Amino acid sequence: TRHGVILYVEDVNLSFDGFKALNNLNLYINKGELRCLIGANGAGKTTLMDVITGKTRPDSGKVNFGQNIDLLGMDESEIALAGIGRKFQKPTVFEALSVFENIELSLAGDKGIWASLFHKLSPEQKDSIDNILRTIGLVNEAYYPAGRLSHGQKQWLEIGMLLAADPKLLLVDEPVAGMTGQETERTAELLTSLAGERSVVVVEHDMAFVRSIARQVTVLHQGSVLAEGTMNDIQSNPEVIRVYLGEE
Ligand code: ATP
């Protein structure tokens with residue numbers, strides 16, 4: 001166990017019909033860091049997220065979380081409860097419910113859904129929803145039906161729904177795809193503000209966005225880590241230029 005590491009992915013292999021989607025992959029995510037994961041189509045980014053969240057089991061390797069929690073022995077819901085939240089690319093919010101109610105439904109704990117159905121939130125729960133609304137910048141929209149939000153606002157709401165479970169690690173898939181420039185900037189601020197208290201891993205194709213948020217970038221290529229470092233390190237790495245940035 002390395003000090004300060006929250007997620008360990010070690011020597012992970014996964015083949016689909018002989019095709020190596022993950023090839024001896026090693027990845028370490030530190031507590032509180034904001035990491036960007038880049039790589040061409042088919043590099044293995046989604047497959048890696050699937051392995052971390054228990055959607056797909058690798059053929060071999062180790063995936064450990066926090067104080068030696070073996071994620072490979074757990075199913076998707078157990079992994080979510082252990083403190084890993086995943087944001088898929090497309091927002092999935094309950095459009096007919098208000099922004100507030102969407103977060104209410106996601107509140108951690110087995111009483112979450114009943115408390116919200118009967119509007120029996122404790123003052124602490126109400127406060128934590130208000131906090132989330134401030135964090136995601138939707139205080140003024142709290143009682144709008146979620147269906148009336150812009151695409152960007154729906155993405156923030158879904159992040160807010162994940163925050164209700166207070167994850168220690170958030171995995172976020174292409175958050176700014178389809179966003180306006182202003183929404184993209186706001187998303188950069190949001191993700192940056194979330195890191196620190198928790199770890200955030202962002203899969204993203206928008207290089208300007210990656211540069212604007214990430215201290216550390218990991219480049220995947222053919223199921224392995226090709227390079228890791230700052231955006232400047234990455235962009236001057238000859239291997240990366242050859243196999244990835246050169247093709248963009
Ligand atoms: P993108 O940027 O397009 O999302 P990615 O880096 O996320 O790409 P993956 O989706 O992880 O890449 O895919 C890695 C490789 O594994 C691809 O070649 C893909 O076709 C293959 N693959 C992924 N899932 C399966 C599956 N269930 N069955 C067969 N092949 C798969």
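Guide: The largest pocket holds about 700 Å³ of space. Of the 23 residues that line this pocket, Ala80, Ile84, Gly85, Leu162 and Ala165 are the closest to its centre. The search runs on a 1 Å grid over the protein atoms alone: a pocket is an open set of points with protein on both sides within 12 Å along at least five of seven lines, a cavity is a set of points where a 1.4 Å probe fits but cannot get out, and lining residues have an atom within 4 Å of a point. Grid points are joined across faces, edges and corners, and a volume is the space filled by probe spheres set on the points.

The model is predicted; local features need pLDDT of at least 70 and side-chain atom pairs count only at pLDDT 80 or more, while totals for chains, interfaces and linings use all residues. Residues are numbered from 1 along each chain as its sequence is written, and side-chain values use heavy atoms, with hydrogens and water left out.

Four elements each supply at least two residues of the pocket lining: helix H2 (76-82), strand E6 (84-87), helix H3 (99-106) and helix H6 (151-163). Helix H2 gives the most, with five residues. Helices (H or I, at least four residues) and strands (E, at least two) are DSSP runs, numbered from the N terminus. By composition, the pocket lining divides into 13 nonpolar, seven polar and three charged residues. In this scheme Ala, Val, Leu, Ile, Met, Phe, Trp, Tyr, Cys and Pro count as nonpolar, Asp, Glu, Lys and Arg as charged, and the others, Gly among them, as polar.

Thr53 lies in the loop between helix H1 (45-52) and strand E4 (60-65). At 8% relative accessibility, Thr53 counts as buried; buried means under 20% relative accessible area, exposed over 50%, and partly exposed in between (1.4 Å probe, protein chains only). Leaving aside neighbours within four places in sequence, Thr53 is in contact with Glu76, Ile79, Ile84, Arg86 and Leu171, where contact means heavy atoms within 4.5 Å. The side chain of Thr53 makes a polar contact with the side chain of Arg86 (3.2 Å) and reaches the backbone oxygen of Asp50 at 3.4 Å. A polar contact is a pair of N or O atoms within 3.5 Å; within protein, one must be able to donate a hydrogen and the other to accept it, and residues adjacent in sequence count only if both atoms are side-chain atoms.

Asn26 is found in strand E2 (residues 19-30), and Asp11 lies in strand E1 (residues 5-16). Their C-alpha atoms, 15 residues apart along the chain, are separated by 5.5 Å. A polar atom of the Asn26 side chain lies 3.0 Å from the backbone nitrogen of Asp11, and one lies 3.3 Å from the backbone oxygen of Asn24. Asn26 counts as partly exposed at 29% relative accessibility, and Asp11 counts as partly exposed at 43%.

Backbone geometry deserves a remark here. Most residues other than glycine have a negative phi. Asp11, however, has a positive phi of about 50 degrees although it is not a glycine. Gln222 likewise has a positive phi of about 50 degrees; Gln222 is found in the loop between strand E9 (216-221) and strand E10 (224-229) and counts as exposed at 57% relative accessibility.

For the overall setting, the protein has ten helices and ten strands. Its radius of gyration is 18 Å, close to the 18 Å that the globule rule gives for 248 residues, so the protein is as compact as a globular protein of that length. The radius is taken over C-alpha atoms, and the rule is 2.2 Å times the number of residues to the power 0.38. Of the 248 residues, 50% count as buried.
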